Protein chains: 2
Amino acid sequence: MERNLGLFLAKRASITPGLEGLVEVESGRRFTYRELDARANRLANALLARGVDKGDRVACLMMNGVEYVETFFALAKIGAVLVPLNWRLVADELAYILGNAGARLLLYGADFAELVETLHRRAARETELTDWIELGGGEHRHPFADDYESLVAAAPSEPPPIRAGEHDLLFIMYTSGTTGLPKGSMHTHGTFTWAVMSMGTTAELRFHDRYAVVLPLYHVGALLPVISNVYRGVTNVVLRQFEPGRMWEVIERERVSVSLLVPAMLNFMLQVPEGERRDYSSMRWILSGATPVPVTLIERYRVIGIEIHQAYGLTESGGPACIISPDDAMKRIGSTGKTFFHNDVRIVDETGRDVPPGVPGELIVQAPHVMVGYWRNPEATAEAIRNGWLYTGDVAIADAEGFVTIHDRVKDMVISGGENVYPAEIENVILRHPAVAEVAVIGQASERWGESPFAVVVVKHGERLSEADVLGHCDGKLARYKRPKGVAFVDEIPRNPTGKALKRILRERFPGPAPE
Amino acid sequence: MERNLGLFLAKRASITPGLEGLVEVESGRRFTYRELDARANRLANALLARGVDKGDRVACLMMNGVEYVETFFALAKIGAVLVPLNWRLVADELAYILGNAGARLLLYGADFAELVETLHRRAARETELTDWIELGGGEHRHPFADDYESLVAAAPSEPPPIRAGEHDLLFIMYTSGTTGLPKGSMHTHGTFTWAVMSMGTTAELRFHDRYAVVLPLYHVGALLPVISNVYRGVTNVVLRQFEPGRMWEVIERERVSVSLLVPAMLNFMLQVPEGERRDYSSMRWILSGATPVPVTLIERYRVIGIEIHQAYGLTESGGPACIISPDDAMKRIGSTGKTFFHNDVRIVDETGRDVPPGVPGELIVQAPHVMVGYWRNPEATAEAIRNGWLYTGDVAIADAEGFVTIHDRVKDMVISGGENVYPAEIENVILRHPAVAEVAVIGQASERWGESPFAVVVVKHGERLSEADVLGHCDGKLARYKRPKGVAFVDEIPRNPTGKALKRILRERFPGPAPE
């Protein structure tokens, strides 16, 4: 029982009751850890009174705020299972996830009232939802929903009975599904506790640090730091929305010392003219990831005294997998580093055997913080976790010192005439052409080679480019079998919200020549 | 298998191979984490080649140095069980421990060659020892022992097979036995991993900190920080001996930032005239404990910019139990604080029920880092661990905020006419008499009351004091039933090495009046 992750908040509140636990930047509300824990207890007791049981799935469609953190800990304490929902998804996608998870209760913010209206209409047919709690709706609240704040205010603040331990489910987080339908990655109190340990030991969170929470909390990369902050005695400075100028202002005003941002945000911040005139002396480091951070960006932040660390991870790994310091990143351009403290990685061939340094293979991860599997999907689980190792689906190369560089998705790899062709390698060559703005390389069916690489190119504004120009540019820079067999020009490459090219869509659009 | 604590050194070496892992102050030797791990691997392989098996007990009688740390990790990797020996003990005591533990191999430093000679003579009759490795003996080495450094040098540095996991024994540490024969407190890879987590999260160890290892490594209070330092990427600056002037010099030269010292050491350091003229700006905090740190000492260190934190713990709890910051300690004189992050405490009466704040009771501890029991002593284990709680044998009081103050050993408590009488309370009153240097209160058998309190007093040099003076001093300050029924004057109160009065010896010496 002592391994219930909800008790981390109770312990933090008992050790440092007066420490500021959470600040909402936009609303100005501030909560000590004692207050946060009391509110989480109230919510837990309110949910128990509604009949929420151990193991019940409770979905959450909310912007970042104190209620998200309360919900996490309240559900953890009573053993209910959080299903965080990505509010960028459309009703069809959300209905699928709610139905698949078998959620019985939806906690949602009034910002999403319209979307929830649709979900409510479809609920009886497509989901098991029977209970709705709305946050911030006031008198405009949906008639089918109860008011979050009234429930919390009316419930007692005594600690609820602790109903879950190490091996019980904590949350089911649906992964973005670039390769098909979303899958629910299951984490237990035990797996996520180890993720917290790993984050707290590898990225240096210090007692009294102040962490800016910017990414949406339905991402493991946002949720994990917040829980780690509770563990380490760090204050969460929570923003509902990222705005680069405001970010500098918040750093100054709230004495923010650490954060996690995606590379695009780092870039936007440097373009704010008045930004660097702010007092950001409190800022020690920013963790980044999802896509590689350009070295020039790392250097520019270093000049102003902020260290950019980069991490690579997956929902399935609980977050942590690889991390690299700015020093190492500048020496090994494009690398995502070595492991976090509590995980191992290997790079293996199709048969599961280790490949030597310098040779690409699939990156696999082992850790006590790897998920226990996909919800109601034993086939996908068996494919993802083999012999205790998580198969990431990412192609990577390690150097002799163990620094890992991610190249491609395994599913995006092109096998041409029996040779593995890595799109990233070809893309890097084509990107060096001065008239190319963006490029994505996919595999096309080929009678002769099985598959052949094919380039989809976006030309820079005001430039002109022919297929022959692109192919000629590749000559001498790529082996013949890696040279694209054709080029298509498009206005835009479809990408997911974190910026990854949706190659599945490109493959559908450019399937290759009809068989001769 | 991933929960093998020996792999913490391998992971540290893999993540930060070039980070300085250990410095021996006296010898000047320096080892990176890569070198430390390679040496631990060599020792592990050498031990495997000698037939050391998983579960075998290996005793260690060495001064602090790189070899102690290597031995810890080498044994952990191959699943052998470390038995650290207190080199202040005499041959009889050591022979008892070696025999009780069933140790088959003794690693010892040449400093203890004479003592080991005796042990070797007695080995066949009293122990299972058959194998001896001497460190630093050179050509004067005992003929029955092999040379440590030659063995390490000759063995391969490849990682040995990892033979132990979470539930396997890691070490057996014999407790000082103020209440009888030494008992072997058993810790597993799992329990001690949680102790490391707790230390790393509650006492703030930062990446690149430099920790002065001063207390002997056979103490859990010295061993735990060293393992935590490996976990958090801290450099161990190891001293063989404490000398207050040298300590300041080492802080300056090695840029020491954190340490753990007993209160007497803190006091000695302040008496070094040239000490505070050293550059100790690197020093952030010193953890202290065993006996309460006087507030004046905390204040004096605060003035020069060093924070004194105090901890309370036991070998049986894996080290951590309670800790207090200097801020809190100055507001709550004598308190040992609140819990570490991963443990709970309660204060209970004889029936195991919680007592209210302000009422004394026995302090009990629950944590994943509590020992699994006493080696080959199920009776003592059953007495120490009841319903998952470790009974510390210490009488404590908590205030309404949860701050704990330790008062007495339960075994030292006097039960007089059915009332619990706490010697510390009486001692505090008698100590306020200007002519009293030291005092210890014990229980004496009494036909009328069962037990009665009895005071053993050391008079200050040049002062005079009678029994009537002492008893008169207590009048009006203590309830009648707490007033000692007699006073004895002695030149010295017998104490153990950490300064605790050995009341068992006093009770033997002053058993009370013969029955009428």
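Let me start with B:Phe112, which sits in the loop between β5 (105-109) and α5 (113-126) of chain B, where helices (H or I, at least four residues) and strands (E, at least two) are DSSP runs numbered from the N terminus. Before I go on, this is a predicted model, in which local features need pLDDT of at least 70 and side-chain atom pairs count only at pLDDT 80 or more, while totals for chains, interfaces and linings use all residues. Residues are numbered from 1 along each chain as its sequence is written, and chains are lettered from A and ligands numbered from 1 in the order in which they are written.

Leaving aside residues up to four places away in sequence, B:Phe112 touches B:Leu61 and B:Trp87, contact being two C-beta atoms, placed from the backbone, within 7 Å. From B:Phe112 to B:Phe171 there are 59 residues in sequence and 21 Å in space, C-alpha to C-alpha.

B:Phe171 comes up again among the contacts of B:Val83, which also touches B:Arg57, B:Val58, B:Ala59, B:Cys60, B:Ala101, B:Ala103 and B:Ile172, again not counting residues up to four places away in sequence. B:Val83, together with A:Val58, A:Val83 and B:Val58, touches the most other members of the largest nonpolar core, which has 289 residues; such a core is a set of buried Ala, Val, Leu, Ile, Met, Phe, Trp, Tyr and Cys residues joined through C-beta atoms within 7 Å.

B:Gly361 counts as buried because it has 22 C-beta neighbours inside 10 Å, and, with residues up to four places away in sequence not counted, it touches B:Ile347, B:Val348, B:Asp349 and B:Val355.

Turning to chain A, there are 16 helices and 27 strands, and 49% of its 516 residues count as buried. Its radius of gyration, taken over C-alpha atoms, is 24 Å, which agrees with the value near 24 Å for a compact globule of 516 residues, the globule rule being 2.2 Å times the number of residues to the power 0.38. The C-alpha trace spans about 70 × 55 × 45 Å along its principal axes.

Within chain A, the axes of helix α1 (residues 6-15) and helix α2 (residues 33-49) come within 8 Å and cross at roughly 145 degrees, the axes being lines fitted to C-alpha atoms over the stretch in contact, with angles from 0 to 180 degrees between N-to-C directions. A:Leu9, A:Ala10, A:Arg12 and A:Ala13 of α1(A) make this contact with A:Tyr33, A:Arg34, A:Leu36, A:Asp37 and A:Ala40 of α2(A). Helix α1(A) is mostly covered, with eight of its 10 residues buried, and what covers those buried residues includes α2, α3 (66-78) and α8 (220-232) of chain A.

Finally, how many residues does each chain give to the contact between chain B and chain A? Each of them, chain B and chain A, gives 18 residues. On the side of chain B, the elements giving two or more residues are α1 (7-15), α7 (189-202), α8 (220-232) and β16 (338-339).

How values were computed: Buried ≥ 20, exposed ≤ 12 C-beta atoms within 10 Å, placed from the backbone.
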